[in-house]
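Colleague: I'm new to this, so please go slowly. Can we go through the labels one by one?

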Amino acid sequence: MDLNTITAIARPRMRDELPPWTTGDAWLAGGTWLFSEPQVHLNRLIDLAALKWPALTITTKGLSIAATCTIAELDALACPPDWLAAPLINQCCRAFLASFKIWKTATVGGNLCMSLPAGPMISLTAALDGVCTIWRPGGERQIGVADFVSGDQRNVLVPGELLRQIDIPVAALRRRTAFRQISLTPVGRSAALLIGSVYDDGRFVLTVTASTRRPIRLPFSRIPQAAELREAILQRIPDGLYHDDLHGKPDWRKAMTLRLAEEIRVECAGTA
Amino acid sequence: MNFEINGKSFTQTPRAGQCLRTFLRELGHFGVKKGCDAGDCGACSVMIDGEPVHSCLIPAFRAEGHAVTTIEGLASKEAPHPMQQAFLEAQAFQCGFCTAGMILTCASLNQAQRQDLGVALKGNICRCTGYRAIEDALDGRTNIESVAPGEAFGRSLPAPAGPEVVRGAARYTFDVEIEGLLHIKLARSPYPHARIRAIDKASALAVPGVRAVLTHADAPDRLFSTARHERAWMDPDDTRVLDDVVRFVGQKVAAIIAETEAAAEEGCRRLKVDYEIWPHVVDPEAAIASGAPVLHPDRRVENRVANAARNIVAEAHGEYGDVASALAQSAVTYEGTFTTHRVQHAALETHGGLAWIDEGVLNVRSSTQVPFLTRRALSELFDLPPDKVRVFCECVGGGFGGKQEMLVEDILALAALKTGRPVKLELTREEQFIATSTRHPMRVTVRAGADENGKLTALQLDVLSNTGAYGNHAGPVLFHACAESLGVYNCPNKKVDAVAAYTNTVPAGAFRGYGLPQGQFAVEATIDELARQLGLSPFEMRRRNIVRPGDPMLWPPDNGYHDVLYGSYGLDQCLDLVERAMQAATPATGLPPGWLVGEGIALTMIDTVPPDGHIADATIALRDDGGFELVVGTAEFGNGTSTVHRQIAATALGTSVDQIRLKQSDTAHGGHDTGAYGSTGTFVAGRATQAAAENLSIELKTFVAAAIGVEADACVLDSDSIVCGDKRLTFAQIVRSARAQGRRLAASGSSAGTPRSVAFNVQGFRVAVNPGTGEIRILKSVQAADAGRVANPMQCRGQVEGGVAQALGAALYEEMVIDTDGRVVNPRFRDYHLPSFADVPRTEVLFADTSDTLGPMGAKSMSESPYNPVAAALGNALRDAAGIRFTATPFKRDRLYPLLQAKLAAQGKDQLPR
């Protein structure tokens with residue numbers, strides 16, 4: 001929709017040209033959320049497109065995803081054959097409520113910064129040990145994705161800070177993964193999205209997203225027994241942490257979390 | 001900045017925060033539609049460098065240096081794109097508002113995406129079709145027929161607007177350029193109940209570009225109802241154009257009129273309104289309890305408010321026989337309380353319109369189902385003679401009852417009259433949710449009994465309807481919820497206690513089915529429960545109790561209208577058709593173990609016309625070119641009546657539909673038309689067209705017979721000519737000779753909408769439910785419809801499928817949530833889930849073989865009623881599958897799940913299925 005209070009667009013081409021942050025500014029990545037709701041508190045958009053950050057960079061250390069990388073670009077990534085986690089990328093892209101037409105515009109960084117519980121790029125990068133690089137005036141800092149998102153539509157960014165990229169270590173990309181998702185409707189917004197991943201040495205991590213207000217990572221030294229997994233979820237995720245909105249009641253989200261976790265456990269154990 | 005749109009390059013500078021959608025529309029590309037303006041519906045889809053995107057989400061400046069293709073640039077008029085041709089041949093549209101975006105998206109799909117259309121099309125909402133016809137287009141199926149002259153009626157002919165619809169050239173409400181247009185934005189109440197102490201306009205007027213601010217001080221001091229009916233007595237006079245009391249969050253408080261939308265929006269934000277906040281009530285039960293805040297204390301019975309002090313706008317009480325003693329003596333009884341929730345029409349074109357004054361005539365172009373009744377209301381409100389007000393519409397992007405309401409035309413008229421300038425008001429999707437109308441949520445308690453032979457002994461309804469802050473449609477919807485629900489069953493003892501309550505919530509109004517879906521959800525569940533107790537099949541139980549020709553169709557209290565007749569009767573056939581279809585072998589479902597499977601049905605009866613008059617005039621004239629011009633008042637909003645009217649006229653005149661040029665829905669054309677509601681577009685308006693065409697046929701024959709000296713009976717109309725024995729005169733020759741005599745060959749016809757007939761539908765479902773998640777899968781859906789002689793089988797099938805889809809949306813997903821402060825929590829599509837391609841199963845549609853003695857050429861209504869039995873049938877199927885009677889819609893997974901788990905636990909089954 002038209003954002004009629006916007007009077008200026010800044011289009012910096014390099015970091016030095018980023019304008020000093022002032023009240024009423026917003027970073028414009030894909031804009032698919034920004035332009036979907038009235039934003040009457042804003043008067044300037046700082047367009048990140050002209051910075052021309054390379055969308056995806058594969059190195060020996062892993063995968064670097066620019067915040068401005070679109071969902072479609074990520075989905076189309078040709079992964080090295082030893083990245084066993086590759087299918088997870090496509091599974092998470094398909095977990096978007098939005099259609100493929102939005103994937104061409106929406107960005108990975110935008111999804112993280114929106115910090116919706118159902119943000120599937122949060123699920124993906126949290127499950128794969130993603131680390132966020134945040135630019136701040138005169139410097140930068142790093143933080144794990146699971147800690148970057150602090151609640152429903154809340155994250156650690158302070159005004160003026162900019163998410164630059166998410167780095168996925170190659171070790172995480174080589175893990176086997178299992179994915180489960182459920183929503184109130186057949187292709188709707190995720191009410192629970194769980195990812196299990198198994199390390200070479202047998203360790204297992206369950207990442208719970210969408211059902212909880214922020215990502216929860218549950219590590220185990222090996223694939224747990226059913227009761228152990230269940231107990232860990234009940235212990236580590238208090239009822240108050242389950243998300244409550246129109247896309248699923250908390251009790252149901254909790255039940256689906258337990259159910260999908262068990263399915264993941266069985267899948268991972270079965271292929272171990 | 002340099003842009004390339006549809007192959008043309010030019011330089012232009014969009015506004016900083018402008019999205020591509022409005023940029024394209026301002027450049028005249030009206031095929032780019034606004035459905036939600038938030039990226040959820042896909043109506044604004046365009047291609048950038050050959051890839052489809054939602055143009056409402058793309059900053060306009062980002063299109064710089066890219067090739068943009070809108071529907072207008074997809075192909076030429078002469079050589080349509082194959083996907084446009086496919087949509088025409090499959091007739092994959094109804095109102096056509098989503099079609100341009102749908103075609104662009106479909107045209108871009110690769111083979112892999114075509115294998116999973118549920119995923120590929122999740123970003124394109126069609127509110128009308130139920131998606132089967134769209135799938136047909138993608139599969140290259142042809143659904144249209146070509147027919148010989150005189151044989152149009154009863155055949156699957158295409159919609160006349162089709163070629164324009166698929167090219168994005170069909171003109172909807174806002175698809176017109178007007179010089180010097182002012183824009184209206186409405187300041188709305190943030191409080192559910194308050195009095196306006198003062199409004200300070202100064203800061204709003206100080207915004208550059210703001211031309212006027214209109215408040216209650218500028219509005220006529222008159223009460224009316226936004227509901228439009230032929231008879232004013234049906235609705236209470238409780239509404240002002242702008243009021244000094246606000247009764248729901250979102251009620252309009254002031255109109256800011258400015259040179260741009262941006263200035264009008266800023267004016268709204270700057271307006272200072274001093275509110276005295278009053279206590280509010282949002283729950284209907286609390287509203288009618290003593291001590292509740294009173295919403296309309298000054299309204300009287302003369303205003304048609306039944307009991308203002310108790311917030312009761314309308315009520316009905318009556319009894320035939322003695323229900324209490326009948327229940328006491330019945331072999332089986334059942335009692336249950338059922339609640340239905342608040343849902344929205346979600347027509348893809350929002351409400352709105354344009355108004356201007358031209359040579360002393362107030363012109364209003366709006367998205368309406370009722371141009372003539374809106375003209376009447378404006379004439380009365382503003383003291384203007386009827387001939388000084390013109391209301392009209394061209395294409396309307398969906399209605400479903402939501403546009404049987406005057407929600408914007410009053411402000412448009414006021415603004416045009418006050419400023420003397422052309423004005424535009426286009427509601428946002430959020431405004432649709434918070435400030436137009438919804439279905440009436442209802443709580444229905446049923447008590448019923450039957451004897452050991454399965455004959456009903458007693459049927460009692462206790463209904464509480466929540467009409468919201470104003471009483472538009474409150475009474476008629478309440479009465480209709482009880483009427484045919486009870487009237488379809490023979491039962492010696494019936495009782496009704498029904499109340500519609502005011503609450504401080506967004507008003508409810510007319511919505512497809514008009515109360516019947518709510519009433520039938522309760523009654524059809526009850527019939528099912530009685531059948532279970534007696535060990536009877538749901539079909540047999542109904543056969544033993546349904547009315548048959550000759551049986552009185554009764555519900556207490558007697559409403560005084562006795563003009564409903566059995567013009568035809570196909571309910572028995574509908575039951576047989578569904579029973580046979582449900583018995584037919586179906587492929588293995590491939591369900592994982594543990595899923596519970598069950599079947600259920602529900603029936604519905606609907607009067608083919610609303611009570612107390614529904615009027616339609618039609619005229620038809622022979623044109624100079626030998627074709628015909630047919631003028632009707634009824635509006636086209638995806639209901640398909642434009643197609644049917646041409647079929648009726650062509651059939652009566654022995655010609656082909658391409659000879660009938662249709663003009664419609666414009667008060668300037670003269671005559672009267674009550675409007676396109678109550679499923680009357682075919683049954684009432686079609687009858688007028690038939691009469692006009694038949695009168696013209698006689699006129700033509702008489703004229704020719706006199707000219708050549710034979711009896712009129714010896715003449716027949718044949719394609720483009722009249723044949724009398726061995727003489728053949730073409731219509732073009734006839735019109736020339738008539739003109740030479742100074743004669744115009746024309747005729748008119750009318751229908752008064754009485755007597756009325758009855759139409760029937762039966763819906764059957766086979767469902768599977770997963771008690772481990774609450775997930776429902778519809779394994780089979782079949783609906784039998786008694787539409788009389790079906791005027792256009794393809795379109796009628798589309799109406800049934802679309803009705804089932806819309807009703808499934810309401811039964812499974814859609815829900816407007818209102819918090820304790822009366823605020824709509826989810827006024828956007830991504831939080832109000834409309835059925836997408838993936839959500840709608842295919843429904844087998846079967847027609848009863850009947851022909852109505854009252855309807856045009858044997859046809860009956862069939863646009864609302866397919867909706868009505870769906871939630872009830874689904875509830876009955878779930879009951880059969882899970883052994884649980886779910887008494888509240890919607891049947892969402894998170895609500896079914898705990899009940900399913902409790903049931904399993906009670907049965908000692910803790911082994912959950914996958």
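Colleague: Where is Pro557(B) placed, and what kind of peptide bond joins Pro556(B) and Pro557(B)?

Modeller: Pro557(B) sits in the loop between α18 (538–543) and α19 (571–583) of chain B. The bond that joins Pro556(B) and Pro557(B) is cis, with omega at about -10°. Keep in mind that this is a predicted model, where local features need pLDDT of at least 70, side-chain atom pairs count only at pLDDT 80 or more, and totals for chains, interfaces and linings use all residues. Residues are numbered from 1 along each chain as its sequence is written, with chains lettered from A and ligands numbered from 1 in the order in which they are written.

Colleague: What is the peptide bond from Thr889(B) to Pro890(B) like?

Modeller: That one is cis too, with omega near -5°. Pro890(B) lies in the loop between α25 (870–882) and α26 (893–906) of chain B. Most peptide bonds are trans, and most residues other than glycine have a negative phi.

Colleague: What is the phi of Phe400(B), and is Phe400(B) buried or exposed?

Modeller: Phe400(B) isn't a glycine, yet its phi is positive, about 60°. You'll find Phe400(B) in the loop between β16 (389–392) and α14 (409–419) of chain B. As for burial, a residue is buried if 20 or more other C-beta atoms lie within 10 Å of its own, exposed if 12 or fewer, and partly exposed in between, with C-beta atoms placed from the backbone. Phe400(B) has 29 other C-beta atoms within 10 Å, so Phe400(B) is buried.

Colleague: Why does Lys52(A) count as exposed?

Modeller: Lys52(A) has 11 C-beta neighbours inside 10 Å, so Lys52(A) falls in the exposed class. Lys52(A) also has a positive phi, near 50°, without being a glycine. Its place is the loop between β3 (44–47) and β4 (56–59) of chain A.

Colleague: And what makes Asp75(A) partly exposed?

Modeller: The count for Asp75(A) is 16 other C-beta atoms within 10 Å, so Asp75(A) is partly exposed. Asp75(A) belongs to helix α1 (residues 71–75) of chain A. Leaving aside neighbours within four places in sequence, Asp75(A) is in contact with Ile89(A), Asn90(A), Cys93(A) and Trp103(A); contact means C-beta atoms, placed from the backbone, within 7 Å.

Colleague: How many residues of α16(B) are buried?

Modeller: For α16(B), 14 of its 14 residues are buried, and the helix is mostly covered. This helix, residues 474–487 of chain B, reaches 20 Å from its first C-alpha to its last, close to the 20 Å expected. The expected span is 1.5 Å times one less than the number of residues.

Colleague: Why are α20(B) and α22(B) called roughly parallel?

Modeller: The axes of α20 (residues 641–652) and α22 (residues 685–708) of chain B come within 8 Å and cross at roughly 25°. Angles under 35 degrees count as roughly parallel, over 145 as roughly antiparallel, 65 to 115 as roughly perpendicular and the rest as oblique. So α20(B) and α22(B) are roughly parallel to each other. Residues that meet there include Val644(B) and Ile648(B) in α20(B), and Ala693(B) and Glu694(B) in α22(B).

Colleague: How many residues does each chain give to the contact?

Modeller: Chain A gives 39 residues and chain B gives 44. On the side of chain A that touches chain B, the largest share, five residues, comes from α9(A).

Definitions and conventions
Axes are lines fitted to C-alpha atoms, for helices over the stretch in contact, and angles run from 0 to 180 degrees between N-to-C directions. Helices (H or I, at least four residues) and strands (E, at least two) are DSSP runs, numbered from the N terminus. Two residues are in contact if their C-beta atoms, placed from the backbone, lie within 7 Å.
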